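I opened my notebook to work through one protein model, going from the whole chain down to single contacts. Here is what I looked up, in order.

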Amino acid sequence: MTALSELVEETQTYFCLDCGVCTGSCPVARVFPDFSPRQIIERSLYELEEASDGTIWNCLTCAQCSVRCPANIDFPEFIRRMRDEARTLGYDGTPAHNGMLQTIMAIQTQNIHQDRTAWVPEGQTATTGDVFYFVGCRPFFDVIFRDIDAGAIGNAANVLKLINRCGITPVVSNDERCCGHDALWNGNEKKFKQLATINLEVIRASGAKQVVFSCPEGYYMFREVYPRYFGELGFEPVHILDFLSARIDDGSIAFAGADGTVTYHDPCRLGRLAGIFDAPRKLLKAVYGTQLVEMPRSGPNSVCCGTSGWMNCSSCSKQIQVERLNEAAATGAHTLVTACPKCQIHFRCTKAAFDIDIDIVDLYDLLADRLKVQAD
Amino acid sequence: MGDCHYLDGNEKAEKMFSMALELVKLLGIEPERMHLEWVSSAEGGRFAQIATDFTKQIRRLGPSRLKKAA
């Protein structure tokens with residue numbers, strides 16, 4: 001049995017009805033007609049598709065196709081495994097930023113002593129405790145994307161401020177690694193496993209029972225993917241949005257209102273893949289009330305921010321991003337709120353390059369700014 | 001600065017260098033493993049001296065623990 005027929009067997013792509021809903025839903029296919037999930041699946045069934053440096057690297061793995069597929073074919077998973085196979089043959093797509101971020105991830109698989117917590121205000125975190133705040137890659141984004149004023153570490157400080165205000169002093173560790181999301185979706189399962197193994201050791205050593213995430217990718221990986229590879233984690237991954245939403249309900253935190261119209265972009269990992277749609281809207285309504293407006297493509301139909309896994313950033317990505325920013329501006333909102341550091345980076349890059357008149361604001365910066373000193 | 005055959009090439013290089021230096025520190029790699037110096041093509045002797053000194057410095061630091069990565 002060939003590697004491809006084995007993959008077809010395991011991902012059950014032979015259930016494909018050839019309906020084309022996947023290609024019709026695909027944000028890449030809209031701007032790059034040569035890319036067709038339906039044709040990739042069909043070619044795989046005839047053993048015509050091969051692991052190469054071809055179209056398999058254009059997929060954003062945003063899952064818009066798979067959530068709509070009537071045959072429940074997990075196309076992103078099929079692509080991931082095709083990439084894993086392609087990587088063994090020496091193909092790796094086109095890493096963005098000259099592969100700098102992939103290099104950082106590779107270095108993090110090694111026995112290093114990072115110095116990544118200099119941003120933490122003194123006394124606001126602990127070395128052991130019940131709650132671990134998994135910061136994610138912000139310390140690196142802060143340096144790499146300073147030019148486009150995106151990915152700043154100030155956002156992590158604001159998340160920490162929100163956690164502190166709930167009466168919790170979380171663990172923040174210098175030994176935290178990349179969650180492995182990009183390695184996995186870049187078709188490098190081995191690198192993902194190395195990073196994940198270290199993260200599990202670090203978190204378990206802290207004694208934490210809950211791990212709080214503000215990054216959608218980290219949360220999705222720990223909640224859905226880590227257990228698949230490593231079984232029972234021994235702690236509970238919690239997204240900061242669910243965490244804050246529960247505390248609005250019990251009255252332990254409150255936010256001051258603000259004027260202006262805003263719209264919210266659902267990140268694919270947070271929305272479609274982790275199912276968190278309501279909590280960000282509840283928090284935004286706590287600040288903006290009815291001035292929160294929706295874009296035509298929102299909730300489960302939200303469009304991807306145009307690039308994923310730091311690779312294949314192309315004119316297609318830019319077109320997806322320009323269309324998205326124009327869609328946001330057309331709602332009449334002056335601000336597009338994002339809840340993902342990468343969405344923010346991609347949109348700010350496009351805003352800077354195309355001079356589109358809409359502010360892009362991080363949800364946690366916004367919330368920390370409107371947090372009331374004392375809940376009344 | 002700006003006195004570069006490639007116009008603002010050295011300004012870009014300095015920006016890139018300082019970014020790389022910050023990343024290296026975050027990753028816990030010794031910043032002494034990086035060095036930036038401006039040397040004109042007419043300064044052969046000076047270039048050799050700087051390269052020799054930097055090589056000595058790297059030898060003193062010994063092999064990096066990151067040999068296997070990337």
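**Entry 1: the whole chain.** I checked burial to begin with: of the 376 residues in chain A, 58% are buried. I'm keeping in mind that this is a predicted model. Next I looked up the overall dimensions, and the C-alpha atoms of chain A fill a box of roughly 65 × 50 × 35 Å along the principal axes. A compact globule with 376 residues would have a radius of gyration near 21 Å, and chain A has 21 Å, so the two agree. I also looked at contacts between residues at least 6 apart in sequence: in chain A, 78% of them join residues at least 24 apart.

**Entry 2: helices and strands.** I noted 17 helices and seven strands in chain A. Four strands of chain A make an open sheet, in the order E5-E4-E6-E7, with parallel pairing. Which strands stand at the edges? They are E5 (292–293) and E7 (359–362) of chain A; each has a single partner strand, so one side of each is left without a neighbour in the sheet. I then followed E5(A) to its partner: strand E4 (residues 262–265) of chain A runs parallel to E5(A), joined by two bridges. Here A:Val262 stands opposite A:Leu292 in E5(A). At E7(A) I found a helix as well: H17 (residues 363–370) of chain A lies across E6 (335–338) and E7 of chain A, at about 70° to E7(A).

**Entry 3: aromatic rings.** How many aromatic pairs are there over all chains? My search of the whole structure gave 16. One I wrote down is A:Phe75 with A:Phe78, a stacked pair at 6.3 Å centre to centre, with 25° between the planes. Both residues lie in helix H6 (residues 75–88) of chain A, three residues apart, about one turn of the helix. Buried or exposed, I wondered about A:Phe75? A:Phe75 counts as buried because its relative accessibility is 4%, and A:Phe78, at 0%, counts as buried too. Elsewhere I traced a cluster linked by ring pairs; among its members are A:Phe134, A:Phe192, A:Tyr219 and A:Phe235.

**Entry 4: charges over rings.** I ended with two arginines. A:Arg247 lies over the face of A:Phe243, 3.9 Å from the ring centre. A:Arg269 lies over the face of A:Trp185, at 5.3 Å from the ring centre.

Definitions and conventions. Residues numbered from 1 in each chain as written. Chains lettered and ligands numbered in written order. Predicted model: local features only at pLDDT ≥ 70, side-chain atom pairs only at ≥ 80, totals over all residues. Heavy atoms only, no water. Phe/Tyr/Trp six-rings, centres within 6.5 Å; stacked < 30°, edge-to-face > 60°. Buried < 20%, exposed > 50% of the residue type's maximum accessible area, 1.4 Å probe, protein only. Lys NZ or Arg CZ within 6 Å of the ring centre and 35° of its normal. Pairing = 2+ DSSP bridges. Contact = heavy atoms within 4.5 Å. Axes fitted to C-alpha atoms, helices over the stretch in contact; angles between N-to-C directions. Rg over C-alpha atoms; globule rule 2.2 N^0.38 Å.
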